Amino acid sequence: MKLTTLFSPMKIGSCEIPNRTVVPAMVSNMCPDNGKASEQYIRYHEEKAKGGWGLIITENYRVNPTAGGYPYICGLWDESQIESHKRFTDTIHQYQSKIFCQIYHAGRQANHLVNGGVQPVSCSPIADAWNKEIPHELTTEEVGQIVADFGRTARNCKNAGFDGIEIHAAHGYLIHQFLSPNCNHRIDKYGGSYDNRVRILKEVMSACRAAVGPDFPIIVRISAEENSEGGRRFHETRMILKQLEEWGADAIHLSTGMYGVFSSVGIVASHFQHHGWTQDFAAEAKKLVNIPIITVGRIAEPRMAEDILESGKADFIAMGRESLTDPHWPNKAKEGRYNDIRHCIGCLQGCTASTYQGVPLNCVINPELGHEFEYDYTKVKNPKTIYIAGAGIAGMEAARAAAIKGHNVELFEAKDTVGGQFVSAAYPPYKGDYANYTGWLYREIQKYDNIRLHLHTELTREMVLEGKPDKIIVATGAAGIVPKIPGIENPKVVMAEDALLGRKEVRMNVLIAGGGMVGLETAAFFGMQCKSKVTVIEMKEAVATDMEAGIRDDLKTTLRHLFVEILCNTSIAGITDEGALIKQGNDIRLYPCDTVVMAIGTRSNQSLLDELRDCGIEIVVVGDAVKARQITQASREGFVAGLNA
């Protein structure tokens with residue numbers, strides 16, 4: 001399938017975009033100096049420009065000092081900030097990509113911790129589900145000042161060399177709040193009727209147009225539906241779309257959702273949502289307006305992007321998380337190297353979790369993300385021999401990075417396949433995409449002549465002493481914890497990984513010990529198989545405390561649909577032929593079941609490390625071999641260890 005439309009040019013207003021691929025705005029938290037563009041921020045975007053994206057839209061720039069919802073995002077409310085952003089746009093313009101600046105006000109989706117100690121503001125004094133703080137209700141005069149702030153920021157964007165601006169009227173931020181019957185309960189000229197609710201958007205567009213002139217592109221990002229209780233639905237959005245064209249928008253970026261709703265229907269859809277899930281909204285929008293429509297929503301495959309364009313559902317394809325996992329997606333797609341693309345798995349562990357934590361944007365699948373300004377890929381003059389123990393995610397990332405630098409890598413794996421525990425991560429419902437990462441890494445290490453993979457081979461002290469490598473990277477991972485309780489040797493006891501991979505039989509009445517991510521996903525896996533009964537016990541007061549909040553809520557909903565029973569404040573005390581002994585308070589009772597799945601956590605495998613401590617060779621320990629944690633640490637630590645070998 002030739003990607004003829006995807007890589008054809010198209011204009012947005014007066015600006016010709018070289019192809020139809022778009023990087024939408026994503027919070028990076030890379031600019032701690034009062035909204036100025038940092039070197040880290042510039043190099044992060046430059047990598048995407050090198051990768052061939054047609055249009056890059058920056059993260060949400062604040063229109064005044066207290067308008068931000070995150071601590072270290074950009075701003076162009078003041079002329080003193082222009083110089084750094086001019087350096088940014090000049091950098092992008094070395095390539096073919098165009099660069100638009102998204103401008104916004106967070107409204108109630110801020111809090112005093114990130115906006116200078118100021119109470120957040122909104123159209124009405126209703127707390128946001130995400131940030132919890134009751135906002136100050138803006139006066140009519142204060143709304144007018146914010147409208148003026150948008151105009152001033154738009155002018156500064158043009159002076160900083162941007163090719164256009166995007167007004168952010170989506171995702172539950174301030175303009176969205178005014179548009180929404182869920183949020184807006186005013187009775188002045190900015191509320192009480194449809195015309196009044198949309199007034200602020202019309203005024204912002206007018207102020208921006210007056211500031212930048214008739215030929216400077218202005219696009220508007222808007223949510224097709226809020227997916228919140230009592231929120232705006234698409235039948236009302238249809239009216240807004242028509243008016244946006246009347247008011248002079250040069251394109252519409254049609255997203256969906258707002259922060260505070262389930263991950264499956266939120267702005268950043270997780271693995272619980274199917275690919276291309278919002279394209280039908282774009283198709284409807286195409287029937288209503290004559291300006292270009294940008295669609296978005298877990299679009300990953302190049303042929304899917306081409307099909308959406310060819311079928312007339314949209315004019316541009318925005319792929320945010322795909323641009324994080326693989327900033328060179330367009331170039332690879334254009335060259336037909338589809339299997340070389342590193343695809344997003346929808347885990348949300350790095351991209352959205354970083355925004356909550358106030359740290360720079362990162363990605364589980366791409367440990368290089370955010371470090372473009374500091375990594376050196378120059379090949380070493382004197383290659384080393386590197387032994388890596390373990391071909392899980394950390395081990396393969398270490399091998400890949402060391403090979404890039406030119407080192408000779410011997411990668412040892414005791415099992416018959418690569419991937420470690422991450423292989424079983426793809427088995428629970430909705431998580432099939434997780435196999436993409438393992439498969440991509442496996443293909444990558446096979447490309448390098450200086451990586452030799454040894455399966456069925458456990459690295460030992462004797463092998464190290466005989467081979468005398470220059471460095472050892474220990475990536476031996478972790479194994480499931482087996483509690484010391486009576487009856488634990490009973491054949492009805494199965495470890496979660498073995499259960500998911502089909503290594504052990506799991507019968508019809510299943511009790512799962514452990515209510516963390518692994519335990520709950522295992523429960524969903526067997527609930528999907530229509531077992532007669534699936535029960536999860538958790539010794540804490542709540543389950544899934546180790547998960548990203550939006551994904552946790554979707555998983556809980558899935559478990560309810562599958563009739564999985566959850567017992568909190570409950571631990572396992574023993575195993576009998578009739579079932580499991582469970583403890584609730586001081587009471588121990590028999591819980592009848594015919595399979596007990598252990599998912600109470602994992603413990604680092606450091607046996608090799610203990611053997612090698614005095615071997616006289618430099619050793620680096622990475623991933624779960626350090627401490628049982630999440631995949632984020634494994635991929636990052638493995639890659640860094642290999643790069644610095």
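Here are some questions and answers about a predicted model, from its sheets to its helices and cores. Local features need pLDDT of at least 70, and side-chain atom pairs count only at pLDDT 80 or more, while totals for chains, interfaces and linings use all residues. Residues are numbered from 1 along each chain as its sequence is written, and side-chain values use heavy atoms, with hydrogens and water left out.

Q: Which strands stand at the edges of the open five-stranded sheet?
A: Let's start with the order, which is β19-β26-β20-β21-β22, with parallel pairing. Strands here are DSSP runs (E, at least two residues; helices are H or I, at least four), numbered from the N terminus, and two strands pair if DSSP finds at least two bridges between them. Each edge strand has a single partner, so one side of it is left without a neighbour in the sheet; these strands are β19 (493–495) and β22 (565–567).

Q: What is the bridge partner of I572 in β24?
A: β23 (residues 571–575) and β24 (residues 579–584) pair in the antiparallel sense over four bridges. A hairpin of three residues joins the two strands. In β24, I572 has as its bridge partner I582.

Q: Are helices α1 and α2 roughly parallel or roughly antiparallel?
A: The axes of α1 (residues 39–50) and α2 (residues 82–92) come within 9 Å and cross at roughly 20°. Axes are lines fitted to C-alpha atoms, for helices over the stretch in contact, and angles run from 0 to 180 degrees between N-to-C directions. Angles under 35 degrees count as roughly parallel and over 145 as roughly antiparallel, with 65 to 115 roughly perpendicular and the rest oblique. That makes α1 and α2 roughly parallel.

Q: Which residues touch the most other members of the largest nonpolar core?
A: A nonpolar core is a set of buried Ala, Val, Leu, Ile, Met, Phe, Trp, Tyr and Cys residues joined through side-chain atoms within 4.5 Å. Buried means under 20% relative accessible area, exposed over 50%, and partly exposed in between (1.4 Å probe, protein chains only). Of the 158 residues in this core, those touching the most other members are I103, I167, L201 and L241.

Q: Which residues does the second, separate core include?
A: In soluble globular proteins, nonpolar side chains tend to be buried together. The second core has 15 residues, among them I488, L511, Y591 and V596.
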